[in-house]
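The sequence and structure come first.

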Amino acid sequence: MSYASRFLTHSRKIRNASNVLRSEPAILVRWFSGGTCSSIGKGDDLIEIRRRGFNSSTDGLLSGVNRAVDPNIYMVGWVRGFNGNISRMAKTMGIPVVGSISNKSLQMHLIRGFATDAGLPPHQEIGMPSLSPTMTEGNIARWLKKEGDKISPGEVLCEVETDKATVEMECMEEGYLAKIVLGDGAKEIKVGQVIAITVEEEDDIAKFKDYEAPKGGAADGVKKPASSPQPNVSKAVESSKAGDRIFSSPLAKKLAEDHNVPLQSIKGTGPDGRIVKADIEDYLASYGKEVTTPFSKAATLDYTDLPHTQIRKVTASRLLLSKQTIPHYYLTVDTCVDKLMELRSQLNTLQEASGGKRISVNDLVIKAAALALRKVPQCNSSWTNDYIRQYHNVNINVAVQTDNGLYVPVVRDADKKGLSKIAEEIKHLAQKAKDNSLKSEDYEGGTFTVSNLGGPFGVKQFCAIINPPQSGILAVGSAEKRVIPGVGPDQFKYASFMPVTLSCDHRVIDGAIGAEWLKAFKGYIENPESMLL
C-alpha cells in the first residue's frame, strides 16, 4: 500500500477536514495508534514526500520518522523546507500546536495523546501547569468543574495552590471533562503530572470511568524497553557487603524496640546470621524482661505536627538559598521622624476630607525607598553569573504576614506614584494576600523589598534576609522618643527616631554604595516635603 497517497483519519476532527487536506500543500503531523498502522513494519518509511510546495528532493525533506518507546505508537516527526501554512491547517482542524513554526525549520509538537489500548478513544491528558517561575509542584484547592461537564476555552477548571498564591487554571480547548484523576485537596503534585482527562465527544466519557493515570505524569505513561534481567545476589553476599548493617526480621526488631534491647549485642541464629524473634526472647530470658538504658525513661513531649503549606515550603527553600549563597552585610541608621509624622497628619486630614485612604508611615517609607533607589540605581540591581542587571523600573515588594504565610506583593513604579495611590494599592494587595487570592502579576517583578516590623509589632531593630534575585531589603523598626542635646550646654529636647537596617548583597552593592543609599533615604525621611516635589 502506498502511504504517500493516503491519509489515515484517526481523529473525528481530522475526518471532517477533507476540504482542508485537498487545498493545503502540507504534511500533517499526527500520532498513529497500533491499530491504525498495523500494516507498517518496523523501520519502514511512512511517507514518501512528493507534494506541491517542495522545490527539490533536498529542499523537501522528511528528516525522519521517530518511533515512540512503545512499538505500537508511531509519530511522524520533523518536516523541513515546507512552503505552506501548516499552522493555519492545524488550527482549522482544531489541533493544538506547541512550539515555533517557520518555513526554514518547522517544529510542531502535538499535545493531544492517543491511547494504545483500542478501548480508549482519542483524549487529552491535562497536566499540572507551571503557574510561576519557581513552581515545581502544586496543590489542587478545589475543582470548579465536575466529571462529565462540557468545557469551553477560557472557563475555569480548578483552583491550584502554587508556591505563591492560589491561581485559577483555565481550559484551553473545547470538549468534555471525562475524568478527574486528582481530586480536591490533592497535594505535592509535580509539574506535568496528569490531573485530568478531556475528550472531544460526550459519548467517550463513560470509557474513562476506571481510568488510572501514571503516578509520574503523562510522560511516564509510555512503556520503557524491557531491561535485561539482573542476576540474583544471594543474601550471604549482600550480608558481606553490608558491613556494619544488622539484619533482623520485622518481628524481632519490633520486640527489641519494645524492650530496649540493642540489636548489636545479639548474635542472630537465622539464615545468614539474621536476628529472629527467638534470639530476642532468649536474650530477655537471660538478662531480664526489659533492658534499661540511661535515657529510657526520658519525659515524653506533647506536640502537634502541622503539615507544611506550599507557601511555607517555598519560603523556607528560598530564604535558605539566600543565606547560603548571598554574602549579606548590614547597615543601620537612625532617622528622625518628627517632620514625617507632622506631614502625615496634614495629609490624612486632606485625605479624610476627600474620602481617600489614610496614609501610613509605611507608605511614606516605601515612597522614600523608591526615590532613594532612583537616586542610587546601583542598589536597584541583581546579580547574575555573567553580569549585574540594573533595573530601570523601581518596583517595591512589601512584606505582608498572613495566616497562610509570608507574602510580598509588589507596588510597581513606586517612584512615579503619589502617596495616595501607593496607600490605596498596598491596602488592596494586603487584603488580597490575606484572602489568599494574589495572582502572579501581584508579586512578580519586584526589584527591592521593604519589611516593617516596627509599626505593627513594636520591634526596635532587626536584620532582614534578602529576597533573591534582589540585592537589597530594608528592615524598618519602631519609632521611639529620645532625649537629645539642645542649643545650649544645659539644654535638651525630645525627638522621635526610627532605626532602619539595610541588608545588602556584597556582590552587587559595595559598602560605600549602601551607605550612599541610606544617606539618600534618610534625607527623604527627615525632609519629607522633598518627596512631594
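## Terms and model

Two strands count as paired if DSSP finds at least two bridges between them. Helices (H or I, at least four residues) and strands (E, at least two) are DSSP runs numbered from the N terminus.

This is a predicted model, in which local features need pLDDT of at least 70 and side-chain atom pairs count only at pLDDT 80 or more, while totals for chains, interfaces and linings use all residues. Residues are numbered from 1 along each chain as its sequence is written, and side-chain values use heavy atoms, with hydrogens and water left out.

S8 and S15 run antiparallel and are joined by five bridges. Both belong to an open sheet of four strands, ordered S8-S15-S13-S10 with antiparallel pairing. Its edge strands, S8 (123-127) and S10 (150-151), each pair on one side only.

## Strand S15 and its partners

S15 (residues 194-199) also pairs with S13 (residues 175-180), through four antiparallel bridges. Isoleucine 180 has alanine 196 of S15 as its bridge partner, and lysine 179 is opposite isoleucine 197. Threonine 198 of S15 faces glutamine 124.

Six of the six residues of S15 are buried, so the strand is largely enclosed by the rest of the structure. Buried means under 20% relative accessible area, exposed over 50%, and partly exposed in between (1.4 Å probe, protein chains only).

## An exposed phenylalanine

Phenylalanine 492 lies in strand S26 (residues 492-505). Its relative accessible area is 54%, which makes phenylalanine 492 exposed.
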